[in-house]
Amino acid sequence: MSELNNRVVEKYRNNFLKEVEANVEEGDWVKMCMQCGVCAGSCPLGDAWEHTPQKLFMMIRAGKRDEVLSSDAMWMCTSCYNCIVRCPRELPITHIMHGLAHYAARLGLSPKNQPTQKFAQLFWDNLTKTGRVNELKLGLNLYFMNGFSEGVKKSLEMRSIGQGMFFAKRLNPMEILGGHGVKDQAGFHAMLDKAREIEDAKLDKFGK
Amino acid sequence: MTDVVATNQTILVVGGGISGMTAALEAAECGKDVILLEKNPSLGGRVSQLYKYFPKLCFPTCGMEINLRRIKARNNLRVMTLAEVTKVSGDKGNYSVDVKISPRYVNENCTACGACSDAVSAEFDNEHNYNLDKRKGAYLPFTMAFPQRYVIDPAMIGTDDAAKAKDACPVGAIDLDMAEENIQLNVGSVVWATGWKPYDAAKIQPYGYDRFDNVITSVELERMMDPQGPTGGKLIRPSDGKEAKDVAFIQCAGSRDRNHLRHCSRICCMASLKQSTYTREKFGDEGKSTIYYIDIRAIDRFEDFYQKVKSDSTVNFIKSKVASVVEDKDTGNPILKGVDTEGYKRYANPHDLVVLAVGMEPSVNFNDAPVDIVSNEFGFIEANPENGGLFGAGCASDALDVNRAVQSATASALRAIQVVNQVAEAED
Ligand SMILES: Cc1cc2nc3c(=O)[nH]c(=O)nc-3n(C[C@H](O)[C@H](O)[C@H](O)COP(=O)(O)OP(=O)(O)OC[C@H]3O[C@@H](n4cnc5c(N)ncnc54)[C@H](O)[C@@H]3O)c2cc1C
Ligand code: SF4
Ligand code: SF4
């Protein structure tokens, strides 16, 4: 458990709802849920996950901190926005889901080896290098995410898609040398640093 | 020309539903001079479209008959149908009200023999049955209509059918040259009892009211149960006429929802509980009702009724706001999808027929009416001293059941009486 996690546990004790309201993006909406179930029933992922938004919101109120923060449900959300559109109380459900995922990751409590979480990290690391996504490297990183032999197998499987993208000029083999990026590299990185600074300041306040 | 004498000691009641009839009668029976305006060709309002009343499960026709007898007994109460208010000016104790009267094309000689109706062939959507069937172009709105006088649909004017109707009438009651009239009334106080309308179910896109035949509304079910309704009192499904033995009710269809009506419509839980008894009435133990709900709001004394329905083994309750309805192409069965809050289990349940317990909105939105009156965000009239001698009654003021609508109407009649009494005292 991280130092940060100990700090927030200490501060909020048994009131997980308060903790969520204070620290999770759009978390103060959670108490507005009336448990009607429309979000759960509207989610296209169906029974692919254990905790629907409806259930997560009830678990938060019931103080099931460990189960919520280690759930993989938030990571499965595809941001289809069906739930937001349907919720009779207009809860920003998708945003809360992402907020919870982010919070869990910050505290080091998110599930290990969760593929969408891994991909999110790969995508971020790839994008922040030059300000443009390097499709070739992102694809390769993704295929080799679970080791060398599986990577080779996956690459062969995806060969025809890769070729199609190449002919459609969506994939450039030269990207392997570093790839394209935004013009103002220094400015781009300064912007990211500033964003990180703001986030860290926020993080520093957790539990204080 | 309609000749109506009114003074600033007259009370005007707008809307001839159960609330308007009650307010008008209470005031008239206290000796006041009352005019009751109704925009339809008959008094009765939405109650005349119900099959049975909760909680007693008696027939609304009975109360209607009593009220009509009371109305006929009073010569200080005048009823005007096909009449709508177009403008209100003036102040408490002295209002001037512009009224538009549409032509009925049938005068008071009509004996309601129905010869005109037999003579014509043109048919139109039957609004009394929520357009589920057709009525003739010369018609009586419903059996108990008041006044008992036929109506010629305005679309008939100029057609051969209209001439046939006129020729068929044995007492010369049909006057095809009747024209719209605009009159002005001077009154002391106005009671608004314009009632409610069902929320437009087609707007609730995931429930497919506009796409699937076997998804209907609660108000339509009331008409289907009526022996004089569109199905002759048979509980059958629209797609294939099969008996609807397995009926699902979706609560809060359009209510308690920020995408639709934000308020709780208050009567729809009770309406569905009542309607679950219709399935039992038709099919006994073979009938099955399933009520999908967020929470059941059987207000105050009605808790008993809820408990009674709950103890019926043919009625099943599922705590869940249904997420969507899809149609099984082979059987025509609507399939309800969602997650049961008790246990968080997913379901996909087929039923024969789905009834949407639609919410209530004011039939006249008073934020946007030809009268300056304080109303809330949903368009219902608020009780407010600024309203002077204008009062809301029944569902024009809130989503109410009949019992509460009548209480509210009586209260408004009392307030209106106070206004005209003050006028009378000042003039003495
Ligand atoms: C499915 C369903 C089932 C129900 N079942 C029950 C039940 O079993 N028991 C119960 O107690 N309640 C029941 N209700 C509630 C009941 O219908 C209402 O309480 C009742 O209709 C209220 O009467 P009202 O006179 O206020 O309004 P309305 O019945 O709407 O009457 C208003 C009248 O005003 C007229 N009007 C409208 N606008 C104008 C205008 N501009 N100028 C002149 N006239 C106008 C209308 O034509 C109408 O005649 C049910 C409701 C629903 C939706
Ligand atoms: S749709 Fe909204 S109110 Fe209903 S359970 Fe989901 S979050 Fe709660
Ligand atoms: S009365 Fe029942 S069905 Fe109607 S809006 Fe209220 S809770 Fe929903």
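This is a predicted model: local features need pLDDT of at least 70, side-chain atom pairs count only at pLDDT 80 or more; totals for chains, interfaces and linings use all residues.

Tutor: Residues are numbered from 1 along each chain as its sequence is written, chains are lettered from A and ligands numbered from 1 in the order in which they are written, and side-chain values use heavy atoms, with hydrogens and water left out.

The sheet has three strands of chain B in the order 17-18-19, and the pairing is antiparallel. Strands (E, at least two residues) and helices (H or I, at least four) are DSSP runs, numbered from the N terminus. Two strands pair if DSSP finds at least two bridges between them. Strand 17 (324-327) and strand 19 (345-350) of chain B each have a single partner strand, so one side of each lacks a neighbour in the sheet. Neighbouring strands are turned by 25° against each other on average, direction ignored. For such angles, axes are lines fitted to C-alpha atoms, for helices over the stretch in contact, and angles run from 0 to 180 degrees between N-to-C directions. Strand 17 of chain B is joined to strand 18 (residues 334-340) by four bridges. B:Glu327 has B:Pro334 of strand 18 as its bridge partner.

Chain B has another open sheet of three strands, in the order 4-5-10, where the pairing is antiparallel. Its edge strands, strand 4 (83-91) and strand 10 (181-187) of chain B, each pair on one side only. Here the twist averages 20° from one strand to the next. Seven bridges link strand 5 (residues 94-101) of chain B with strand 10 of chain B. B:Val99 finds its bridge partner, B:Ile183, in strand 10 of chain B.

Most residues other than glycine have a negative phi, and most peptide bonds are trans. The bond from B:Phe54 to B:Pro55 is cis, with omega near -5°; B:Pro55 sits in the loop between strand 2 (33-37) and helix 2 (60-72) of chain B. The bond from B:Phe146 to B:Pro147 is cis too, with omega near 0°, and B:Pro147 belongs to the loop between strand 8 (138-139) and strand 9 (151-152) of chain B. In chain A, A:Tyr81 has a positive phi, near 70°, and is found in the loop between helix 6 (73-76) and helix 7.

Last comes the interface. In contact (heavy atoms within 4.5 Å) are 21 residues of chain A and 16 residues of chain B. The area buried between the chains, meaning the accessible area (1.4 Å probe) that two parts lose on being put together, summed over both, is about 1500 Å², with 51% given by carbon and sulfur atoms. One salt bridge is found across the interface; the term stands for a side-chain nitrogen of Lys or Arg within 4 Å of a carboxyl oxygen of Asp or Glu. The side chains that form the salt bridge are those of B:Arg258 and A:Glu90, at 3.2 Å from N to O. On chain A, helix 3 (38-42), helix 4 (53-61) and helix 7 (82-86) each supply at least two residues of the side that touches chain B. Helix 3 of chain A gives the largest share, four residues.
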